[in-house]
Amino acid sequence: MPKRPELNLYARAIQCLAKREYSRAELRARLLTQVESGSNVDEVLDELENRGRLSDSRVVEQTLRIRRSRFGMQRIAFELRQKGIDEKLVCEAMPELKDSELEVARGVWQKKFGVFPEDDREKARQIRFLQSRGFAQDVIFKVLRGI
């Protein structure tokens, strides 16, 4: 079996970005595991940003597009922070999420349960489910009241 030729750091970064969007922090962490010294990792990341191939704002847009139909504002914000997205970009995305949160929560609840809880135990179960999806308390109670 022929040995795979060593790729330079820039080529490895491009290979990663060809598969999916990475935030700068995610790509930096991934590249650091593949090199012995991290001295030029930041230079490569700067070059990728300058050429428009690496963008945290695109990561935010992609995450919103993919996760919006299944998760609440709190969960999406948490995931963006986990990806190392700047707090300013996370805050800019929040108004867009807040506008549609109630209708998304209703859709998620309808798909999972579809009927209002008959007792406190079932109500607690439905609340926990919606909380785990990242919906705010006030939104959850509006959904369960049928508002």
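A: Helices α7 and α8 are oblique to each other. Oblique is what remains once the other classes are taken out: under 35 degrees is roughly parallel, over 145 is roughly antiparallel, and 65 to 115 is roughly perpendicular. The angle here is about 135°, and the axes lie 10 Å apart. An axis is a line fitted to C-alpha atoms, for helices over the stretch in contact; angles run from 0 to 180 degrees between N-to-C directions. Helix α7 covers residues 120-132, and α8 covers residues 137-145. Helices here are DSSP runs (H or I, at least four residues), as strands are (E, at least two), numbered from the N terminus.

A word on the source. This is a predicted model, with residues numbered from 1 along each chain as its sequence is written. Local features need pLDDT of at least 70, side-chain atom pairs count only at pLDDT 80 or more, totals for chains, interfaces and linings use all residues, and side-chain values use heavy atoms, with hydrogens and water left out.

Back to the pair. The crossing of α7 and α8 is right-handed. That word applies if the near helix is turned clockwise from the far one by less than a right angle; anticlockwise is left-handed. Helix α7 brings Lys123, Gln126, Ile127, Leu130 and Gln131 to the contact, and α8 brings Gln137, Ile140, Phe141, Val143 and Leu144. Contact means heavy atoms within 4.5 Å. By class, these residues are six nonpolar, three polar and one charged. Nonpolar covers Ala, Val, Leu, Ile, Met, Phe, Trp, Tyr, Cys and Pro; charged covers Asp, Glu, Lys and Arg; the others, Gly among them, are polar.

Look at Phe141 in α8. Phe141 is partly exposed, because its relative accessibility is 27%. Buried is under 20% relative accessible area, exposed is over 50%, and partly exposed lies in between (1.4 Å probe, protein chains only). Phe141 and Leu130 are 11 residues apart in sequence, and their C-alpha atoms are 9.9 Å apart.

Now turn to the other neighbour. Helix α7 packs with α6 at an angle of about 130°, with axes 11 Å apart. These two helices are oblique to each other. Their crossing is right-handed. On the α6 side, Ala105, Val108, Trp109 and Lys112 meet Gln126, Phe129 and Leu130 of α7. That contact has five nonpolar, one polar and one charged residues. Note Gln126: it takes part in the contact with α6 and in the contact with α8.

Next, a residue within α6. Ser100 lies in this helix, which spans residues 87-112. Ser100 is buried, because its relative accessible area is 18%. Its side chain makes a polar contact of 3.3 Å with the side chain of Arg68. A polar contact is a pair of N or O atoms within 3.5 Å; within protein, one must be able to donate a hydrogen and the other to accept it, and residues adjacent in sequence count only if both atoms are side-chain atoms.

One more stop, in another helix. Leu64 lies in α4, residues 56-67. Leu64 is buried at 8% relative accessibility. Leaving out residues up to four places away in sequence, Leu64 touches Ile76, Ala93, Glu96 and Leu97. Leu64 and Glu96 are 32 residues apart along the chain, yet their C-alpha atoms are separated by 9.3 Å.
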